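Q: I am new to this structure. Can you show me how to read its features, one by one?

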Amino acid sequence: MGTRRQHAPEFIVLSREEAEAYEPRGQEICISISDPDALPADVSSRFAAVLRLNFDDVTERGEPSDILFAEDHAHEIRKFLDSWPGAERVMVHCNAGVSRSPGVALGLCDLSGWATAELERSHPGWNRLVRSVLVAGKKH
């Protein structure tokens, strides 16, 4: 990624319901992932910044209408994180908090060489497409 950090921010991976009840402490940013046909999550206005993305929780196209996680999503995420080098925490949420959001958190850790073992253990259902596309686009 472009801007190097001394230390990894804390990643908080939540479901949409948990994210809507969450209040940031300190300088926190939010990556809010929703289904393409869903209304945006009602997250706290106390986040330093919020990136909203819409894509389906799939790893391959099953229906013609499926929106797969793609390089344009990955680029937006990398650019967003790079623009907040002082963020203490990154809250990432999706609908259930078990697939897309941990895939994003793990991909960002992979890109920066940050530890992934705890996230992998606590979120074993992470979306492999999301993680791999984030890492594959590393050369930007």
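Q: Which residue forms a salt bridge with Glu23?
A: This is a predicted model. A salt bridge here needs a Lys or Arg side-chain nitrogen within 4 Å of an Asp or Glu carboxyl oxygen. In this case Glu23 pairs with Arg46, and their closest N and O atoms are 3.3 Å apart.

Q: Where do Glu23 and Arg46 lie?
A: Glu23 is in the loop between helix 1 and strand 2. Arg46 is in the loop between strand 2 and strand 3. The pair links distant parts of the chain, 23 residues apart.

Q: Is Arg46 buried or exposed?
A: Exposed means over 50% relative accessible area. Arg46 has 53% relative accessibility, so it counts as exposed. Glu23, at 39%, counts as partly exposed.

Q: How many salt bridges are there by this rule?
A: The count comes to nine. One of them joins Glu10 and Arg89, with the closest N and O atoms 3.1 Å apart. Glu10 lies in strand 1 and Arg89 in strand 4, so this pair ties together parts that are 79 residues apart in sequence. Arg89 is buried, with a relative accessible area of 13%. Glu10 is partly exposed, at 41%.

Q: Which residues are linked in a network of salt bridges?
A: Glu10, Glu28, Glu88 and Arg89. Within it, Glu88 forms a salt bridge with Arg89, with the closest N and O atoms 3.8 Å apart.

Q: Now the rings. How many aromatic pairs are there by the rule?
A: Three. One is Phe11 with Trp114: the centres are 6.1 Å apart, the planes are at 45°, and the pair is tilted. Phe11 lies in strand 1 and Trp114 in the loop between helix 3 and helix 4, so the pair ties together parts that are 103 residues apart in sequence. Phe11 and Trp114 are buried.

Q: Why is the pair of Tyr22 and Phe47 stacked?
A: Planes under 30 degrees apart count as stacked. The planes of Tyr22 and Phe47 are at 20°, so this pair is stacked. Both residues are buried.

Q: What about the nonpolar core?
A: In soluble globular proteins, nonpolar side chains tend to be buried together. Here the largest nonpolar core has 31 residues. Those with the most contacts inside it include Phe11, Val104 and Leu134. Helix 3 gives the largest share, six residues. A second, separate core has nine residues, including Leu14 and Tyr22.

Notes
Residues numbered from 1 in each chain as written. Predicted model: local features only at pLDDT ≥ 70, side-chain atom pairs only at ≥ 80, totals over all residues. Heavy atoms only, no water. Phe/Tyr/Trp six-rings, centres within 6.5 Å; stacked < 30°, edge-to-face > 60°. Helix = DSSP H or I, 4+ residues; strand = E, 2+ residues; numbered from the N terminus. Buried < 20%, exposed > 50% of the residue type's maximum accessible area, 1.4 Å probe, protein only. Core = buried A, V, L, I, M, F, W, Y, C linked by side-chain atoms within 4.5 Å.
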